[in-house]
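Please consult the sequence and the model together.

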Amino acid sequence: MKSHLNAYLFLLCLVTGAHAQVAGSTWQLTVEDLNHIVKAKATIRFTNQAATESCMSGNWKRVIVEAKDGDDKFFPLSEPLAYQLDKGRLTLGRVSVCDGYLFLDGKFTEEKIKGGFNSVSIGYSKALGKFSLHRTGKKLTILPNNSFNRTSASLRAAPTGYVQR
C-alpha cells in the first residue's frame, strides 16, 4: 500500500512540476498545413489557470494568445485554447467545442516542441498539418521568499532574489 502511495505521489509531482515549468512562459507558435505552408503564427503564454470551458476530462489549463497572424479557420487562435501536459507530451488546442476538437500534440522539451495538428472527435481523427513551438521568454529561476511584479507583456527587471538566465 505504501509503495502505491509513493508511486502516486511521484507521478503527481511529475505532472505538477511540468505544469509549473511551462506556466507563465511565452512561446512562438507556427502551424503548417499538410503541404508545409504556414497557415497561422502566434505568440502564446501558458497559464496555470484551469480551463473551465473544456469538454475534455483531465487537467486542462488556459493559453493566452498575445499576438496572432493567419487563418483563424485553419487554427482557431480567436477561440479559447487550453493545454495539458501528460507523460512528457503537450496537447494544446480547442477543447470548448465538444466532439470538434483541434489539437496540437508533441513531445515537450524546455525550449521547443514539434508535432502534429489533428482534428479529433469520437471515433475519428484526421491529420491537418504540423506545428512547432519555440520558447521566446527568458527562463526564470525563482529563489524562495521573494516576490515580483508581472505585466501582461513581459517581466520587468528582476528584483533581488531572482536570477534571469
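Is His-36 buried or exposed? In this predicted model, His-36 is exposed, because its relative accessible area of 54% is over the 50% cut-off. The points below treat the loops and then the cores.

**Loop residues with positive phi**

- His-36 belongs to the loop that links β1 and β2, and its phi is near 65°, a positive value in a residue that is not glycine.
- Lys-87 sits in the loop between β4 and β5, with a positive phi near 55°, again in a residue other than glycine.
- Lys-87 has a relative accessibility of 77% and is therefore classed as exposed.
- For context, a negative phi is found in most residues other than glycine.

**The largest nonpolar core**

- The largest nonpolar core comprises 24 residues, and Val-31, Phe-46, Phe-75, Leu-92 and Leu-133 have the most contacts inside it.
- At least two residues of this core come from each of β1 (26–33), β2 (38–50), β4 (81–86), β5 (89–94), β6 (101–107), β7 (112–121) and β8 (124–135).
- The greatest contribution to this core is that of β2, with 4 residues.

**Contacts of Leu-92**

- Beyond its neighbours within four places in sequence, Leu-92 contacts Ile-44, Phe-46, Val-63, Phe-75, Ala-82, Tyr-83, Leu-102, Phe-103 and Leu-104.

**A second core**

- A separate second core has 6 residues, including Ala-51, Ala-82, Tyr-101 and Phe-103.
- In soluble globular proteins, nonpolar side chains tend to be buried together.

Terms used: Residues are numbered from 1 along each chain as its sequence is written. This is a predicted model: local features need pLDDT of at least 70, side-chain atom pairs count only at pLDDT 80 or more; totals for chains, interfaces and linings use all residues. Side-chain values use heavy atoms; hydrogens and water are left out. A nonpolar core is a set of buried Ala, Val, Leu, Ile, Met, Phe, Trp, Tyr and Cys residues joined through side-chain atoms within 4.5 Å. Buried means under 20% relative accessible area, exposed over 50%, partly exposed in between (1.4 Å probe, protein chains only). Contact means heavy atoms within 4.5 Å.
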